[in-house]
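These are my notebook entries on one protein model.

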Amino acid sequence: MAYTPPLATEIPWCPVCGASTEGIEVGTRGRFGMAVRNIACTVCSLVYQSPRPTREEMAAYYATGYREHYGEVSYPTTDGGNVKAGQPGYEQALDAWHQSQADNACLLGATKAGDRVLEIGCRHGRTLGLMREALGIIPYGIEPGLEEAEKARRAGITCFVGTLEDYEPGELRFEQIQIFHVLEHLHDPLASLLRMREWLTPGGKLVIEVPNLYQPYGLLEENFFQNAHLTNFSEATLGLLLVRAGYGVERTLDRSALFAVGAPDPAASELPRAFSTELLRAPRETPAWVAERLATYAALEKHKHLLLRGNASVEGLQQIAQLLQRPAFVSHTLNTVTDLVEFFMKQNAPRAAALLATAASMGPHPEEARAALNRLATQLCAVAAAA
């Protein structure tokens, strides 16, 4: 069935700082070749969609074509692959994924027996169910999908069918609220965090997980950027958003996904807190800083994919070597070098492996990373010389 995604017609103010509608363009396409324009805010460096579809258009999209458009969610397997519904190993992979999410939620939230835990976008309630089995929490969920909400209810989860904006808990308050891979979909994440703040008990925790802009997955414009992801957070911009919403940032984890734990700051008043440049958590991460590293990531990932698929050439190798010397997200540089060194060593080509490690060691990376790359390059040069 042909499906037309919602049109991007709305020019928003930056969802985090609210101080600008301008930015450096860092992408014009998204997954499935869709037109998705992302910019790095000129004030706080948040990467977000502009223009974007309206809230009403996205609501209709989620209610009709979103799941059909993106297909069934796949889950990682222990052998490094992915499986979808109906494929062998799907149920085991799904359970393992939810178990990891439940473990993260309990650890980050310091969850205790008897805690009332609300999950935004709880789907079928599996994560909450595992937390209840492990700790004896009292689970609550918000889920807009009718079928998934019904599954959560059958699993014993008190589940509201609808969106965060529609939910009214009355006098009910929660020791923990968790929101996993939902915040990036919201038109007004600041307003959403303010609402959730009112639902927490004194000392209650908000646990967030979002895709990590500084550790993208796959090709940038062909996979990571998506029409449904209206914002793309870094550790700094997510922290800024929490502070503006009146939270103290208790912990962040900069991993393949980005995690943050916040608790209502009792000293915060007149919320949302007015933006000022003094609130910027990483001033060196300017829009140009972010844009340059995203450009390096995009180009390096494309060349790496071509090479690993058997399209190796001298010119391609030289281009990768040049890219490895550019400003970059350090984790991606290290992962790329590791992948390509492994590839070339299997091809019995230690000189090519040594060339790339040497090039990366000369890049403007942190000293610790450069030292590690230099040690690797020295080892590979010795292997190449002995070959």
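**Entry 1**

I began with Phe 32, which counts as partly exposed because its relative accessibility is 45%; buried means under 20% relative accessible area, exposed over 50% and partly exposed in between, with a 1.4 Å probe and protein chains only. I record here that this is a predicted model, in which local features need pLDDT of at least 70 and side-chain atom pairs count only at pLDDT 80 or more, while totals for chains, interfaces and linings use all residues. Residues are numbered from 1 along each chain as its sequence is written, and side-chain values use heavy atoms, with hydrogens and water left out.

Phe 32 sits in the loop between S1 and S2. Helices (H or I, at least four residues) and strands (E, at least two) are DSSP runs, numbered from the N terminus. I noted a positive phi near 70° for Phe 32, a residue other than glycine. Most residues other than glycine have a negative phi, and most peptide bonds are trans. S1 and S2 form a hairpin with 5 residues between them.

**Entry 1**

S1 and S2 are paired over 5 bridges, and Gly 27 is opposite Asn 38 in S2. On to the next strand, 3 bridges join S2 (residues 35–41) to S3 (residues 47–49). Asn 38 stands opposite Gln 49 in S3, and Ile 39 has Tyr 48 as its bridge partner there. S2 and S3 also form a hairpin with 5 residues between them, and Ser 45 in that turn has a positive phi of about 75°.

Contact means heavy atoms within 4.5 Å; axes are lines fitted to C-alpha atoms, for helices over the stretch in contact, and angles run from 0 to 180 degrees between N-to-C directions.

**Entry 2: Two cis peptide bonds**

I looked for cis peptide bonds next. The bond from Ser 50 to Pro 51 is cis, with omega near 0°, and Pro 51 lies in the loop between S3 and helix H1 (55–63). Leu 271 and Pro 272 are also joined by a cis peptide bond, with omega about 0°. Pro 272 belongs to the loop between strand S13 (257–264) and H9.

**Entry 3: Helix H3 and its end**

I checked the length of H3 (residues 90–109). At 1.5 Å a residue its 20 residues should span 28 Å, and the end C-alpha atoms are 28 Å apart, which agrees; the expected span is 1.5 Å times one less than the number of residues. Among its buried residues are Tyr 90, Leu 94, His 98 and Cys 106.

Just after H3, Ala 110 takes a positive phi of about 50°. Ala 110 lies in the loop between H3 and strand S6 (116–120) and is partly exposed, with a relative accessible area of 46%.

**Entry 4: The sheet of seven strands**

I traced an open sheet of 7 strands in the order S8-S7-S6-S9-S10-S13-S12, with mixed pairing. Strand S8 (158–161) and strand S12 (247–254) stand at the edges, each with a single partner strand, so one side of each lacks a neighbour in the sheet. The twist averages 15° from one strand to the next.

S6 and S7 (residues 138–143) run parallel and are joined by 5 bridges, with Leu 118 opposite Tyr 140 in S7. Helix H4 (residues 126–135) lies across S6, S7 and strand S9 (174–180), at about 140° to S9. H8 packs on the sheet and touches strand S10 (200–211), S12 and S13, its direction making about 165° with that of S12.

Notes:
Pairing = 2+ DSSP bridges.
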